[in-house]
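Me: I am new to this structure and would like to know what stands behind the words used for it. Please set each value against its definition.

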Amino acid sequence: MKTKLWFVLALLVILATIAPQPTQASRLAQTGFDKDKILEDGKITIAWIPKALNNPVFEIGRVGAETKAAELTEAGPYEIEINYTASVASDAAEQARVIEDAIASGVEAIGVSCNDPTGCIDPINKAIEAGIPVMTWDSDSPDSDRFTYLGVDNYEGGKAAADLMKKALPDGGKVALLTGVPGAFNLEERIRGFKDGVEGTNIEVIATVACDDDINKGVQVVEETMQANPDLNGWFFVGLWPLFAERGSMPLWEEASASGNLKTVAFDTLPVELEYLQEGLLYGLVGQKYWGWGYDTTQMIYDTIVDGKQFDSFTNSGMDIVGPGNVDIMAEAWANNDFTKPLPLGFPTFDKDKILEDGKITIAWIPKALNNPVFEVGRVGAETKAAELTEAGPYEVEINYTASVASDAAEQARVIEDAVAAGVEAIGVSCNDPTACVDPINNAIDAGIPVMTWDSDSPDSDRFTYLGVDNYEGGKAAAELMIQALPDGGKVALLTGVPGAFNLEERIRGFKDGVAGTNIEVVATVACDDDINKGVQVVEETMQANPDLNGWFFVGLWPLFAERGSMPLWEEASASGNLKTVAFDTLPVELEYLQEGLLYGLVGQKYWGWGYDTTQMIYDTIVDGKQFDSFTNSGMDIVGPGNVDIMAEAWANNDFTKPLPLGFPTFDKDKILEDGKITIAWIPKALNNPVFEVGRVGAETKAAELTEAGPYEVEINYTASVASDAAEQARVIEDAVAAGVEAIGVSCNDPTACVDPINNAIDAGIPVMTWDSDSPDSDRFTYLGVDNYEGGKAAAELMIQALPDGGKVALLTGVPGAFNLEERIRGFKDGVAGTNIEVVATVACDDDINKGVQVVEETMQANPDLNGWFFVGLWPLFAERGSMPLWEEASLAGMKTVAFDTLPVELDYLKEGLLYGLVGQKYWGWGYDTTQMIYDTIVDGKQFEPFTNSGMDIVGPNNVDVMSEAWANNDFTKELPPAFE
């Protein structure tokens, strides 16, 4: 099919291809509208503006937009209407007029694919200034104030093309790349992704040629490259330029492709490409989501207006992979302009209909051997999931549990072959040898049987995923246990198996990274070559050579299988408490050592999930066509004194369905809850700070809600020193412990001074978390606070909005080097990077109000052309009015200041126009969220990361009165409207 329409389409697609990518600076413009005004008539009219009306890919997007609009209208409560409008042909000036006409017609939102990124800036910004939220799709205008850009991730697209090429050339080969205009960012990203994707394989990129987005030149350079490289095995067409030429224009390429000696992967999934693919001249395609340009854009605009949802500056639209398995479905979608049906796999390794025709799925679940109890656990997991799926219907799922008696690669190969011959529909296998598994797995796949690996992988086979533990993260988890076991540090040795084994090396790397920066020193790494007796030997030799050794990390459990008494030096040191050992895996033999106090803690793999999750994943692959990444993280178990009996019981009953409680609880849940009451000491820095009053009410509100919900009564004990004093706060914590509170949430005056009081409370069985101000070296279970780096970036976004043309900005900080302030500064500087905003000075006031006044005024005097300030804290704003005459005068004249926090004094400055915008912490959540988190920790055994992000408030002219009212009434339950109209 080579019509003039497609020739024009080529040019249009090429224009889309060279569209610039979004910058990192995100905008706050999405808040610049009046939600109530937009929704007052119950209708949202969206102008959906493509580059032009003469491009069929935009027709697809239009139908997507209208489909989503109809769905939203039906769901209610608002009617959604799509105003599809554009210039007839791609023209930047005409598109600007189209946007202006849309504004004049009273649309409530705009989604636009920009013909020219620069030419779109003014029209988009005018729309936003008129209170109309705008987003871009397909082609961006990154320097405008659009609230997001929806487009494909070109780097990942290139990697997807590389995956197709590896599939097309399993033995490797010579490949050439065709690009458009050299240096075009999106094309370069596709190339980078492709090259990264084939790195480490036998695929060699021998040439990259450019056609300057010209169809005829594309034909020319492809044929010249074919002539110069008669042994070429593949092409990656980064765009589809030469495919728009007349058939026969590339005889060398067509002949090699038709013979099967040349495999070509191309970007986009247009009908012309689908025809080439159907004829076997293309191997596979990576396509953009044309339908989603309309469907997803409509949903995102709705979410922005109705729910106030915020999006990152770039929103990944995803991509389609098209191959022989779905090319006809894609062609049908184009013919009917209906992309609502899920796209099946482009390269299925099985016939779904054939597998399901008898209503039964038989899965061969093949462990390394039949004589290992961990595989029995997995078998029960597989059978449990199979029973659940069978009961749910509509298909019966059966597990065929089969393996060699002992671990043997050759025997396992025969077991896989027997499973194929027996007619199983799928295989999940733990490979004895990754290389020996390749042919049996691939033979099964060639027979139409999907295969995945679990526990032990065969990465060079065509299995669809590998389910296993992230060994690096497992090593880091072991490091965390060791840090907990040796809080003062010490000398530690590592025992590994076969040196160089990838999984073991990853555990070691994770462990070493995890203890880096602590007082734990790795003094030896010894290997046992996976031999139990050698493991015993090297452990004892290391103990003898290092009598002052404090710890071991057994990267595997080899010597623990030896007879008791085989390692007398290790056992004696462990029993005395002078030696702490952390080991991988959670097998019964290890659980016994742990119960006896000879092991400190264990990091275990999810044996049950090897069967349970594998069965679900195979089912999802066959029935739903679900695709998985090459690696699927199975997660891990942490076992310690607090849950070792539960884990031992799970092994005894072969039932791992019950949730595993904390391995190292710092409290006795039953003791805390025996009276049906939880008393939480909520301890701020001082009693004389109104922000803490806000948090107190939040804490008491949540306590009342939890009490009402039952079954436990929750009480808040609000206590603190009168003024901020670290020593006094330590006594307050001690008094709370003595008073018998069940939990503590504290904002630390001093991180170091808080360590002992917090740890003493924890030693007394009282869980402790910090909020607002942390004590990271204590054993608190989490810290709830603002992400100061992101807060600084948010301040940068406000400054970019305040100074759209850029300008000179100064920063005021407190004590130089204070971590939270430095993070805010770092976030701000990263946020304005790449803009015309220049940070000309950073001055410090040492947290002193008067010095803050002084350095601000001195900076104003030294920089009479200053355009803005970022007050990293609000120190000088507490001074008397008139103390900063230069700053106040310049602010009234148009200088813009963004400040951290949202205290009443700042709100007054903002209402008077002396501040532009504020980035505030969640004072209410300091109490409300802390109370919930403590409850969840005690009652449900929930675990939190060391840092819990509290979020932040953005305050501007549009919501400052609401925030002031919240302060006046000490009621922060109402939703805060957008900051800027």
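Me: What makes strand β30 mostly covered?
Reply: Of the 7 residues in β30 (residues 807-813), 6 are buried. Buried means a relative accessible area under 20%, exposed means over 50%, and partly exposed lies in between, with a 1.4 Å probe and protein chains only. Strands are DSSP runs of E with at least two residues, helices are runs of H or I with at least four, and both are numbered from the N terminus. This is a predicted model, in which local features need pLDDT of at least 70 and side-chain atom pairs count only at pLDDT 80 or more, while totals for chains, interfaces and linings use all residues. Residues are numbered from 1 along each chain as its sequence is written, and side-chain values use heavy atoms, with hydrogens and water left out.

Me: How do you know that β30 pairs with β31?
Reply: Two strands pair if DSSP finds at least two bridges between them. β30 and β31 (residues 837-844) are joined by 7 bridges and run parallel, so by that definition they pair. As one of the facing residues, L811 stands opposite T842 in β31.

Me: What joins β30 to β32?
Reply: There are 4 bridges between β30 and β32 (residues 868-871), in the parallel sense. V809 has G868 of β32 as its bridge partner, and L812 has F871.

Me: Which strands are called edge strands, and what sheet do they belong to?
Reply: The sheet is open and has 6 strands in the order β31-β30-β32-β33-β34-β36, with mixed pairing. β31 and β36 (952-955) are its edge strands, because each pairs on one side only. From one strand to the next the twist averages 15 degrees; axes are lines fitted to C-alpha atoms, for helices over the stretch in contact, and angles between N-to-C directions run from 0 to 180 degrees.

Me: Why is L243 called buried?
Reply: L243 has a relative accessible area of 0%, which is under the 20% limit, so the residue counts as buried. L243 sits in the loop between β8 (234-237) and α9 (251-259). Its C-alpha atom is 7.9 Å from that of I215, 28 residues apart along the chain.

Me: What do the buried residues of α9 pack against?
Reply: W253, E254, A256 and S257 are buried in α9. The buried residues of this helix pack against α8 (215-228), β8, β9 (263-267) and α10 (271-278), where contact means heavy atoms within 4.5 Å. After α9 comes G260, with a positive phi near 90 degrees.

Me: Why is D196 called partly exposed?
Reply: The relative accessible area of D196 is 33%, which lies between 20% and 50%, so D196 is partly exposed. D196 belongs to helix α7 (residues 185-198).

Me: What makes the pair D196 and Y155 a polar contact?
Reply: A polar contact is a pair of N or O atoms within 3.5 Å; within protein, one must be able to donate a hydrogen and the other to accept it, and residues adjacent in sequence count only if both atoms are side-chain atoms. The side chains of D196 and Y155 are joined at 2.7 Å, so the distance falls within the limit.
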